[in-house]
Amino acid sequence: MSAVTVPEALDRIVGEAADLAGSVGGDTDAALGMLERASRVFVHGAGRSGLALRMTAMRLMHLGLEVHVVGEVTTPAIREGDVLLVASGSGTTAGIVAAARTATDVGAGVLAVSTTDDAPLAELAAVTLVVPAATKTDRSGTASVQYAGSRFEQAVVLLGDALFHALWTRSGLSADDLWPSHANLE
């Protein structure tokens, strides 16, 4: 691999991100419907994918949804009518698959983001949004020039923001409704 400058690296990363817009597979309308109908939304991902989903959790909370991050001490048990939003590039991450199995066992819906719809996670999910990105073990450079699962993790952030934005425009709420000026803790 030849050395690149930071601007060259940014150009490559932005190019890969731009390619995602038309290449996400799965039923995004069904995903939006799941989130709109959810009693509560739980987010769960490992490593950087989990960090990316925390950003989505915050935005969904801004919309007024009740949102919980799996593993936090204040997170209640998932139940029927809830949605578990998960991300796993491989679709085989043991803890994510186990959480999805628990969610389906209690009657909650599972909305998955993955690089494949042919994995245990996708089998459990009501909707799987497929992102054409390399998994963290793919070193071929064909799906991404970036290290490990970087493109996938970036896609989780962007897809989460896109889901939020679509839900926001459907809601009729203004930016001031989402972030009222009186909401500070003085």
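Which residues of the largest nonpolar core touch the most other members? Keep that question in mind while the whole chain is on screen, remembering that this is a predicted model.

Begin with the overall fold. The protein has 7 helices and 5 strands, and, read from one end of the sequence to the other, these follow the pattern α-α-β-α-β-β-α-β-α-β-α-α. Of its 186 residues, 40% count as buried, while the protein exposes about 10100 Å², of which carbon and sulfur atoms supply 56%. Among the contacts with a separation of 6 or more, 70% come from residues 24 or more positions apart.

Now select L35, V41, L111, V113 and V131, which answer the opening question: of the 32 residues in the largest nonpolar core, these touch the most other members. To see where this core draws its residues from, colour α2 (28–37), β1 (41–45), α3, β2 (67–69), β3 (83–87), β4 (109–114), β5 (127–130) and α6, each of which supplies at least two. The helix α6 gives the most to this core, with 7 residues.

Next, centre the view on V113 and display its surroundings. Leaving out residues up to four places away in sequence, V113 touches L85, V86, A87, S88, L129, V131, F152, V156 and L159. A second, separate core, this one of 14 residues, can then be brought up by selecting V86, A100, A103 and L121, which are included in it.

Turn next to the pair of helices α3 (residues 47–62) and α6 (residues 150–171). Their axes lie 9 Å apart and pack at an angle of about 10°; angles under 35 degrees count as roughly parallel, and α3 and α6 are therefore roughly parallel to each other. To show the contact itself, select R48, S49, A52, L53, M55, T56, R59 and L60 on the α3 side, and on the α6 side S150, F152, E153, V156, V157, G160, D161, F164 and L167. By class, this contact of α3 with α6 has 9 nonpolar, 4 polar and 4 charged residues.

Finish at T56, which has its place in helix α3. Is T56 buried or exposed? Its relative accessible area is 3%, so T56 is buried, the cut-off for that term being under 20%. With its neighbours within four places in sequence set aside, T56 is in contact with L85, V156 and G160.

Notes: Residues are numbered from 1 along each chain as its sequence is written. This is a predicted model: local features need pLDDT of at least 70, side-chain atom pairs count only at pLDDT 80 or more; totals for chains, interfaces and linings use all residues. Side-chain values use heavy atoms; hydrogens and water are left out. Helices (H or I, at least four residues) and strands (E, at least two) are DSSP runs, numbered from the N terminus. Buried means under 20% relative accessible area, exposed over 50%, partly exposed in between (1.4 Å probe, protein chains only). Contact means heavy atoms within 4.5 Å. Axes are lines fitted to C-alpha atoms, for helices over the stretch in contact, and angles run from 0 to 180 degrees between N-to-C directions. Angles under 35 degrees count as roughly parallel, over 145 as roughly antiparallel, 65 to 115 as roughly perpendicular and the rest as oblique. Ala, Val, Leu, Ile, Met, Phe, Trp, Tyr, Cys and Pro count as nonpolar, Asp, Glu, Lys and Arg as charged, and the others, Gly among them, as polar. A nonpolar core is a set of buried Ala, Val, Leu, Ile, Met, Phe, Trp, Tyr and Cys residues joined through side-chain atoms within 4.5 Å. Accessible areas come from the Shrake-Rupley method with a 1.4 Å probe; for residues, only the protein chains shown count as cover.
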